Amino acid sequence: MTESGARHESGPGTPARASRTYYVTTPIYYVNDAPHLGHAYTTVAGDVLARWHRQRGERVWFLTGTDEHGQKILRTAEANGVSPRQWADKLVDESWRPLWEHLEIANDDFIRTTQQRHTDRVQEFVQDLYDRGEIYKGGYEGPYCVGCEEYKLPGELLDGEGEFAGQQLCPIHRRPVEILSEENYFFKLSEYGERLLAHYEADPGFIQPESARNEVVNFVRQGLQDLSISRSTFDWGVPVPWDPKHVIYVWVDALLNYATAVGYNENREKFEATFPADVHLVGKDILRFHAVIWPAMLMAQGLPLPRRIAANGWLMVGGEKMSKSNLTGIKPQDLTSHFGVDAYRWYFLRAIAFGQDGSFSWEDFSARYTSELANGYGNLASRVAAMVGKYFDGVLPPSTADGPAEKALHASLARTVTEADRRIGGDLDFQGGILTVFDFVRQVNGYLSEQQPWKIAKDESPEGRARLATILYTAAESLRAIAVLLHPVMPDTSRKLWDSLGAEAALGALSEQRVQEAATWGRLPAGTPITKGAILFPRLD
């Protein structure tokens with residue numbers, strides 16, 4: 001048992017951790033270049049998930065960071081005439097951190113694998129495995145992809161064409177692999193195949209989606225090879241503690257960030273309150289590292305396994321995975337400068353089912369922005385504020401004449417909150433949760449169109465005024481709930497709407513509102529001042 005304390009592996013019977021921290025992670029990203037849409041997609045998903053659980057009143061820890069060791073980083077730095085550390089510092093300070101701030105990523109920690117809090121704990125973890133007899137010395141020769149930082153199986157490789165004719169290519173990066181021959185240290189991964197398969201069977205939700213789970217299960221059933229966990233032909237990495245001529249394999253180093261960032265072998269109280277992760281969000285191209293190598297490492301150390309590993313699909317441009325090596329990387333700022341940050345956060349999670357591949361196009365983004373955001377959600381907020389201003393001098397009137405239409409909307413909101421909470425907070429179905437909320441937006445717009453308050457406003461009788469007041473209160477109270485439900489997805493837009501509704505003075509900060517209470521009807525008190533603020537979604541140029 002390590003100083004952190006070991007616990008049993010998780011399984012389907014493991015109770016929910018209501019009293020503990022909800023721990024969600026993104027991958028840590030290679031700093032060989034600036035981030036593109038693919039990196040931002042996973043990170044925004046993690047941010048929405050973390051914000052959702054915070055909005056539920058849970059204690060949350062959201063981790064992201066950068067992977068700064070390995071041959072890929074070393075070669076990139078050399079090509080730019082600087083040291084690997086200088087290159088990493090530059091990319092983190094000028095590209096990665098600024099982008100996450102720009103996208104309103106509310107991470108609790110940003111770990112870098114060059115930080116001592118990480119490297120010291122990595123050495124301790126690997127030393128412990130070595131002392132347990134889980135690591136041995138051996139030799140290996142095989143095809144290696146520097147882009148993946150991974151030895152490839154011969155059957156995985158593609159035959160090169162054109163400039164790469166006669167060479168074998170990595171199926172992900174479409175670049176020639178290198179044949180490496182090294183004397184390395186190996187982790188006895190082959191001994192964990194049956195235990196891994198047993199865990200996959202006992203906990204079917206451990207890997208999501210099902211297609212990703214099936215891929216991993218089939219891979220493990222074919223038999224696992226022992227894993228080379230050191231490299232000796234370069235020195236940019238964490239030294240192997242008992243043999244400093246070797247550095248620890250970059251993936252072993254990287255995977256351990258999920259433990260070192262929350263106090264492994266350093267802060268036992270924090271570690272036991274947080275570890276293991278409730279959700280590791282990863283790209284499907286790095287699924288095997290997280291669903292095979294990582295749990296085997298934890299099994300070997302007697303530590304609990306993560307509760308869920310969720311693989312998102314690829315963003316496709318022109319039929320190819322979006323990536324720097326394929327020259328299809330698009331800067332998120334290219335889109336946010338045109339559509340805005342909140343629309344950007346919304347679009348990718350709304351347009352692409354998480355776990356599936358999805359294509360991006362400017363035309364699709366523009367069409368959805370106009371129809372769903374500007375003409376749907378934004379127009380609803382704008383006309384409600386305008387009518388309260390016109391007919392009630394900007395003061396929210398009381399609702400005293402509820403009828404079947406209002407009661408139907410109350411019931412619909414209750415269903416919307418339950419469904420959105422299940423989809424986003426539980427199933428990681430971001431698209432389904434967002435569509436559920438926007439279905440309610442459409443219902444409220446439809447309610448206004450059917451009730452025609454602009455016509456009822458012509459009836460100045462007490463009954464007419466009461467009916468008009470009820471319609472506008474119902475629409476404003478619906479917007480109050482919508483602002484809460486969309487706050488994790490579009491934080492700035494929800495804050496603007498919250499301000500327009502005068503809700504902070506009446507109900508407190510938006511961040512303090514609970515998802516579960518969003519359906520409680522009548523929270524926004526009559527008499528609240530309603531103002532028409534800036535247009536939430538301006539027309540596109």
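**Close-up views of the predicted model**

**View A. Thr-43 is found in helix α1.** Residues are numbered from 1 along each chain as its sequence is written, and side-chain values use heavy atoms, with hydrogens and water left out.

Is Thr-43 buried or exposed? With a relative accessibility of 0%, Thr-43 counts as buried; that label means under 20% relative accessible area, while exposed means over 50% and partly exposed covers what lies in between (1.4 Å probe, protein chains only). The Thr-43 side chain gets to the backbone oxygen of His-39 at 2.9 Å. That is a polar contact: a pair of N or O atoms within 3.5 Å, where within protein one must be able to donate a hydrogen and the other to accept it, and residues adjacent in sequence count only if both atoms are side-chain atoms. Setting aside residues up to four places away in sequence, Thr-43 touches Thr-26, Tyr-29, Phe-62, Trp-100 and Ile-105, a contact being heavy atoms within 4.5 Å.

**View B. Helix α1 spans residues 37-55.** From first C-alpha to last, the 19 residues of α1 reach 26 Å, close to the 27 Å expected at 1.5 Å a residue; the expected span is 1.5 Å times one less than the number of residues. Of those 19 residues, 17 are buried, so α1 is largely enclosed by the rest of the structure. After α1 comes Gly-57, with a positive phi near 90°.

**View C. Strands β11, β13 and β12 line up, in that order, as an open three-stranded sheet with antiparallel pairing.** The edge places go to β11 and β12, each with a single partner strand, so one side of each has no neighbour in the sheet. Strands pair if DSSP finds at least two bridges between them. Two bridges hold β11 (residues 230-231) to β13 (residues 243-248), and there Ser-230 sits opposite Ile-248. Two bridges likewise join β12 (residues 239-240) to β13, with Val-240 partnering Asp-243. How many residues does the hairpin between β12 and β13 run through? The answer is two.

View D. Side chains of opposite charge can pair when their charged atoms come close. Lys-245 is exposed at 64% relative accessibility, whereas Asp-243 is buried at 6%. Going by this rule, the count comes to 33 salt bridges.

**View E. Glu-94 and Lys-90 meet through their side chains in a salt bridge of 2.9 Å, N to O.** Both belong to helix α3 (residues 84-102), and being four residues apart puts about one helical turn between them. Glu-94 is exposed, with 52% relative accessible area, and Lys-90 is partly exposed at 39%.

**View F. Helix α18 (residues 491-500) holds both Asp-492 and Arg-495.** They are three residues apart, about one turn of the helix, and their side chains form a salt bridge at 3.7 Å, N to O. Both come out partly exposed: Asp-492 at 28% and Arg-495 at 32%. Elsewhere, salt bridges with shared partners link Glu-419, Arg-422, Arg-423, Asp-427 and Asp-429 into one network.

**View G. Ala-254 has its place in helix α7 (residues 250-255).** Ala-254 is buried, with 3% relative accessible area. Which residues does it contact, leaving aside neighbours within four places in sequence? They are Ile-28, Asp-67 and Thr-113. The C-alpha atoms of Ala-254 and Arg-112 are separated by 9.3 Å, though the two residues are 142 apart along the chain.

**View H. Residues 1-18 have pLDDT under 50 throughout.** The model still gives this stretch 49 contacts beyond four places in sequence. For the protein, mean pLDDT is 91, and 92% of the residues reach 70 or more.

Methods:
This is a predicted model: local features need pLDDT of at least 70, side-chain atom pairs count only at pLDDT 80 or more; totals for chains, interfaces and linings use all residues. A salt bridge is a side-chain nitrogen of Lys or Arg within 4 Å of a carboxyl oxygen of Asp or Glu. pLDDT is the predictor's confidence in each residue, from 0 to 100.
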